[in-house]
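The sequence and structure come first.

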Amino acid sequence: MTITSTISPVLKIGLRFLGIWPGVPYSIIYWLSLTLSTIIMQYFQYWYIIKHLKISELSNLIDGLTVTLDYSLTIFKLIGLWLHRRVFHQLLAAMDNDWRECIKFDQHLYIMTINANISHFFSNAILSVVTIFAIFYLLGEYVIRFVFLIEDQNDTLQFPIKIYFPFETQQWLVFEFLFVTIFFHVILQVCVLCLINGLIFTLVLHVSGQIDIMCHEFKNISKSIFLHKSSATLFGMLIERHNRIISFSENIEKFFSFIALMQVVWNTLVICCLGFIIIISFHNGTDVFITIKTIFAYVAVTFEVFIICFIGDHLRLKGELIANATYDSLWYNMSPRQNKIILFIIIRSQKRLIITAGKMMDMSLETFTNIMKASVSYASVLNAMY
């Protein structure tokens, strides 16, 4: 089966469910239902935080605050997706146009197919792996206690996450219903975050494929000019493709700038909270299950920040390849007029292709390193003071 889209079928289904895919009937209802249900869960989560705002329950408080902040991040991401859905529709239209053009050339189709396969694999893999980790995070403690017949010192039935309801929840049917509802809602939130990360990766891989095609054309530009009577058409196609690459990258930046900002701010707070729990666990001999859950959450949140920073760095490096490929072409065998065109393309290539966090910082591996340095420094100071 020939691939004709960089977006995987699983990702497409998820985007339809989020209500941002073009042409989906009653898309506002899908988006509102998910957003309102998340806000309702947030209300009861923050109610728990307020009820347990005590120094004596600091470890328990921070544990609940971690998932609560992650839910808040999901709300901000859903709002960002909805506000910029028209930009997303423009990106989809540009992707369809790129695929229609690359089908005409076998080499172009081959390059785009490789990037599409990577995109499909990553989207499916991250959704599967992260969902399994989330299930283990939510149910792992219950499973281990059941298998090893470990008695819980607290006779109160506990939900998968820290949440407070202003009514009796310890009754048999009520607790089971709320437990299942909360569990599936948390898994839904995890899937939403995976879909957004997969979408960022997919869009950047698509534009990377277009950059690879442009670099491939520059490598063969001398031969192509020799075969064609006029080079105006060939250079015109290259300039048009370059303009589309820049426009596509700018739309990616516009679409994900707010989401990236929320990702950096919120995940930095979550990493600090998780580091706080880990330090307290080691000093106070906290329950081993809480420590394991915290370490899993720490790895998951760190990986989420790494993904968007890695993608931003990958886009930046890919953009630099255009100038390098243009300079490496056999420009010395071309006419002075053609060299001027080459020079203008190199100058235009100096415009960096980046993803920023709210126009304030570039999403790169350097940014990821700074985030990790800040969180580790916080944990080190806490460890020294505790």
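**Helix packing and a pocket**

The model is predicted.

**Helix 2 with helix 6**

- Helix 2, residues 27-51, packs against helix 6 at an angle of about 120°, and the two axes are 12 Å apart.
- The crossing of helix 2 past helix 6 is left-handed.
- On the helix 2 side the contact is made by L34, S37, T38 and M41; on the helix 6 side the partners are I182, H185, L188, Q189 and V192.
- By class, this contact of helix 2 with helix 6 holds five nonpolar and four polar residues, and no charged ones.

**Helix 1 with helix 6**

- Helix 1 spans residues 9-18 and helix 6 spans residues 172-219; their axes come within 10 Å and cross at roughly 120°.
- Helix 1 is therefore oblique to helix 6.
- The crossing of helix 1 and helix 6 is left-handed.
- Helix 1 contributes V10, L11, G14, L15, F17 and L18 to the contact, while helix 6 contributes L188, V192, L195, G198, L199 and T202.
- The contact of helix 1 with helix 6 comprises nine nonpolar and three polar residues, with no charged residue.
- L188 and V192 of helix 6 take part in the contact with helix 1 and also in the contact with helix 2.

**Helix 1 with helix 2**

- The axes of helix 1 and helix 2 come within 7 Å, crossing at roughly 80°.
- Helix 1 is therefore roughly perpendicular to helix 2.
- R16, F17 and L18 of helix 1 meet Y30, W31 and L34 of helix 2.
- Five residues of the contact of helix 1 with helix 2 are nonpolar, one is charged and none is polar.
- F17 and L18 belong to this contact with helix 2 and to the contact with helix 6.
- L34 of helix 2 meets helix 1 and helix 6.

**The second largest pocket**

- The second largest pocket has a volume of about 620 Å³.
- It is lined by 28 residues, of which D70, V130, V190, A300 and V301 are the closest to its centre.
- Helix 3 (58-83), helix 5 (106-147), helix 6 and helix 9 (288-328) each supply at least two lining residues.
- Helix 9 gives the most to this lining, with eight residues.
- By class, the lining has 22 nonpolar, four polar and two charged residues.

Definitions and conventions. Residues are numbered from 1 along each chain as its sequence is written. This is a predicted model: local features need pLDDT of at least 70, side-chain atom pairs count only at pLDDT 80 or more; totals for chains, interfaces and linings use all residues. Side-chain values use heavy atoms; hydrogens and water are left out. Axes are lines fitted to C-alpha atoms, for helices over the stretch in contact, and angles run from 0 to 180 degrees between N-to-C directions. Helices (H or I, at least four residues) and strands (E, at least two) are DSSP runs, numbered from the N terminus. Angles under 35 degrees count as roughly parallel, over 145 as roughly antiparallel, 65 to 115 as roughly perpendicular and the rest as oblique. A crossing is left-handed if the near helix is turned anticlockwise from the far one by less than a right angle, and right-handed if clockwise. Contact means heavy atoms within 4.5 Å. Ala, Val, Leu, Ile, Met, Phe, Trp, Tyr, Cys and Pro count as nonpolar, Asp, Glu, Lys and Arg as charged, and the others, Gly among them, as polar. On a 1 Å grid over the protein atoms alone, a cavity is a set of points where a 1.4 Å probe fits but cannot get out, and a pocket is an open set with protein on both sides within 12 Å along at least five of seven lines; lining residues have an atom within 4 Å of a point. Grid points are joined across faces, edges and corners, and a volume is the space filled by probe spheres set on the points.
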